[in-house]
Amino acid sequence: MAVLSPTQSAPRRDGPAPRPPRRVGFSQRLGRWDVKVSPYLYVSPFFVLFAITGLFPLVYTAYVSVHDWNLLGGQGDFVGLQNYAEVLGQPVFWKSLANTFSIFVLSSIPQVILAITIAALLDQNLRAATFWRMGVLVPYVVAPVAVSMIFGRMFADQYGLINELLGIVGIDPVGWHSDRLASHVAIATMVNFRWTGYNALIFLAAMQAVPRELYEAAVIDGAGRVRQFFSVTVPQIRATVIFVVITSTIGGLQIFDEVRMFDATGLGGPDKDWMTTVVYLYDVAWGNQKDFGRASAVAWLLFVLVVGIGMVNFLVTRRISTSDGRRAKVSRRQTRAVVAHARAAAAAAPPPAGAAPGGPPGAADAPTPHRTTPGEDR
Amino acid sequence: MTSVAVTAQTAGKRAAADAARRRARRAIGGAQRRPGRLTYALLGIVLLISIFPLYFTLLLGSSDPVEIAKNAVPQWLPDGSLFDQFATVISSTQINFWKALANSLIISTVTSLSVVFFSTLAGYAFAKLRFRGRGPLLVFTIATMAVPVQLGVIPLYILMSDIGWVGKIQAVILPAMAAAFGVFWMTQYLSEALPYELIEAARVDGASMFRTFRSVALPAARPAAFMLGLFWFVQQWTMYFWPSIVLNNTNPTLTLVVQSLQANYFVDYSLVMGGIFLVTLPLLVLFAVVGKQLVAGIMAGAVKG
């Protein structure tokens with residue numbers, strides 16, 4: 001491959017020049033060195049930065065978690081698994097986990113259903129299509145903290161907009177800041193507000209990749225619009241659905257911003273009814289306790305949980321995409337679609353929780369690895 | 001549909017041709033008539049829900065706090081008193097609005113440029129160059145995308161505090177300067193959009209490796225790089241978790257301004273809401289200008305699929 005051969009400046013002389021002496025010149029040696037070393041130089045900034053700000057902190061979390069470690073006092077004695085024992089013995093920790101799952105379920109399921117519905121509306125021969133697409137994406141550019149403040153007001157227990165609206169249809173005011181489940185619904189609504197339109201665009205992209213022949217065939221078979229949607233569209237975009245669910249899982253288990261702004265103290269209410277695990281982590285580390293050791297134990301437990309759920313997701317996804325293998329044409333297309341959406345969504349998707357350093361979790365759970373070096377196809 | 005031109009930009013000529021053909025087929029098949037009024041009505045409702053919360057901030061920002069406490073929607077149209085709230089927020093000594101705006105701008109701009117540059121560099125190497133360990137390194141990069149690195153905040157904080165960066169924006173910038181997904185995104189893009197022939201031609205002409213990157217790969221990567229930069233900009237602008245830990249109100253970002261509005265003025269809702277609109281405004285302006293590309297970026301993958 002020519003890319004790899006070192007630069008050779010061809011001798012440009014008229015007439016039968018004598019062969020240049022077989023001496024490896026400095027520039028040539030430099031050129032060879034250039035070819036050999038350049039790729040490593042090009043990938044190294046990313047790996048160095050990731051090692052310092054991503055990998056090292058993650059590994060070091062485990063180290064901190066087995067020590068007495070205080071925000072002010074710094075590193076203390078090695079205490080083994082004591083921090084873990086303490087965390088697991090705290091009812092607040094378990095409550096925060098339950099809250100996290102509850103909010104996650106309330107945000108992901110309606111979100112996926114709504115997003116698919118909106119995508120189906122958008123996947124038509126619309127006038128001013130770009131206008132509608134931009135319209136559904138507006139909430140995405142509003143910071144989650146701002147969304148939370150605005151919705152916190154709309155979900156006010158007294159004279160809140162939502163309660164007034166409920167009053168019009170004859171429903172009693174809901175205690176959004178006092179009832180546990182209601183508060184979860186309110187917080188999930190904030191997450192949904194920001195991410196539904198975004199996911200709708202991902203689904204829309206998947207829908208547009210569905211071969212139109214399938215719809216034509218369905219029409220010939222006498223299928224109506226609704227039947228087409230459930231028998232053609234939904235099965236065809238299944239891979240994308242799975243992908244969106246996976247990414248929202250990784251983000252949804254780390255909800256933080258919305259809870260912090262939901263009330264004045266931002267720690268999940270007087271009874272920690274809507275405190276998520278990441279907020280709990282924050283409270284242990286930077287709140288009253290200032291206990292880095294214990295907070296690290298929380299982080300590590302949550303880390304194991306997120307990765308574990310990610311693995312389960314991955315296995316389920318792989319099984320589903322393998323079973324597609326029997327229907328060869330469809331499956332290849334779907335696999336490709338997943339890669340494509342992984343690409344699109346990975347680029348775009350900070351997880352609903354609002355991410356932190358190191359970048360959002362992306363597409364790795366989707367069945368992408370076999371496409372990771374597409375250059376080799378050639 | 002994404003316009004064919006955009007498709008050509010993002011996915012190359014072949015995909016553009018495909019899209020054009022698909023569109024033509026749609027027209028012939030007749031399955032895609034113009035949708036009825038119901039579709040537009042439903043989309044209108046969706047749009048209303050998307051926009052209303054922002055409009056709501058304008059309404060509350062124009063109202064009297066006493067009225068807000070008694071009415072869900074104190075008035076239906078914003079008025080001039082909104083600007084009083086803006087003025088109060090901007091001039092408040094507790095808020096540091098200008099500093100926050102400058103900080104957010106610096107953080108988002110610097111990290112976007114850096115992510116785009118490093119991702120293009122690494123993506124180019126992964127997509128087009130051969131070197132020992134390329135496969136494993138790429139797989140490693142992709143695997144890290146599934147890892148919630150956010151959970152490493154405690155050691156990251158210890159690190160920042162050891163080097164004296166707590167309270168400084170470098171502490172926010174450094175961890176956001178590289179992104180695994182950016183590398184993945186550029187690798188995917190360049191492996192399709194950049195023909196080997198171009199690289200070879202540059203090499204034959206005697207360009208050094210870096211010159212080849214600069215003159216051939218960088219121009220080819222431009223559309224994808226722009227989208228990547230846009231996403232990263234929005235992401236950093238709206239980020240709260242890490243800045244809230246490592247920065248404070250004397251040197252805040254705009255998301256921290258929201259927090260101090262909550263903390264300092266929670267009784268004065270009109271001021272809080274006016275401030276929130278002000279904080280959101282810069283991204284809304286950006287969105288008005290490049291929202292189309294943002295949409296195209298999110299959908300780009302599927303056009304290629």
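Predicted model: local features only at pLDDT ≥ 70, side-chain atom pairs only at ≥ 80, totals over all residues.
1. Overall make-up of chain A. The secondary structure of chain A comprises 14 helices and 2 strands. Of its 378 residues, 49% count as buried. Among contacts in chain A with a separation of 6 or more, 69% are accounted for by residues 24 or more positions apart.

2. Helix α4 of chain A against helix α2 of chain B. Helix α4(A), residues 129-137, packs on α2(B) at an angle of about 40 degrees, and the two axes are 8 Å apart. That angle makes α4(A) oblique to α2(B). The crossing of α4(A) past α2(B) is left-handed. On the chain A side the contact involves Trp132(A), Gly135(A) and Val136(A), and on the chain B side Leu43(B), Val46(B), Leu47(B) and Ser50(B).

3. Helix α2(B) spans residues 37-62, and its axis comes within 10 Å of that of α5(A), residues 144-154, with a crossing of roughly 70 degrees. The two helices are therefore roughly perpendicular to each other. From α5(A), the contact draws on Ile150(A), Phe151(A), Arg153(A) and Met154(A); from α2(B), it draws on Pro53(B), Phe56(B), Thr57(B) and Leu60(B). The contact of α5(A) with α2(B) has 6 nonpolar residues, 1 polar and 1 charged.

4. Spacing of contact residues. An α-helix has 3.6 residues a turn, so residues three or four places apart point the same way.

5. Packing within chain B. Helix α5(B), residues 97-128, and helix α13(B), residues 254-265, pack at an angle of about 150 degrees, their axes lying 8 Å apart. Phe97(B), Ala100(B), Leu101(B) and Ser104(B) of α5(B) meet Leu254(B), Leu256(B) and Val257(B) of α13(B). This contact has 6 nonpolar residues, 1 polar and no charged.

6. Helix α9 of chain B. This helix runs over residues 180-193, and its 14 residues reach 20 Å from the first C-alpha to the last, close to the 20 Å expected at 1.5 Å a residue. Helix α9(B) is mostly covered, with 13 of its 14 residues buried.

Note on methods. Residues numbered from 1 in each chain as written. Chains lettered and ligands numbered in written order. Axes fitted to C-alpha atoms, helices over the stretch in contact; angles between N-to-C directions. Helix = DSSP H or I, 4+ residues; strand = E, 2+ residues; numbered from the N terminus. Parallel < 35°, antiparallel > 145°, perpendicular 65-115°, else oblique. Contact = placed C-beta atoms within 7 Å. Nonpolar A, V, L, I, M, F, W, Y, C, P; charged D, E, K, R; others polar. Expected span 1.5 Å × (residues − 1). Buried ≥ 20, exposed ≤ 12 C-beta atoms within 10 Å, placed from the backbone. Left-handed = near helix turned anticlockwise from the far one by under 90°.
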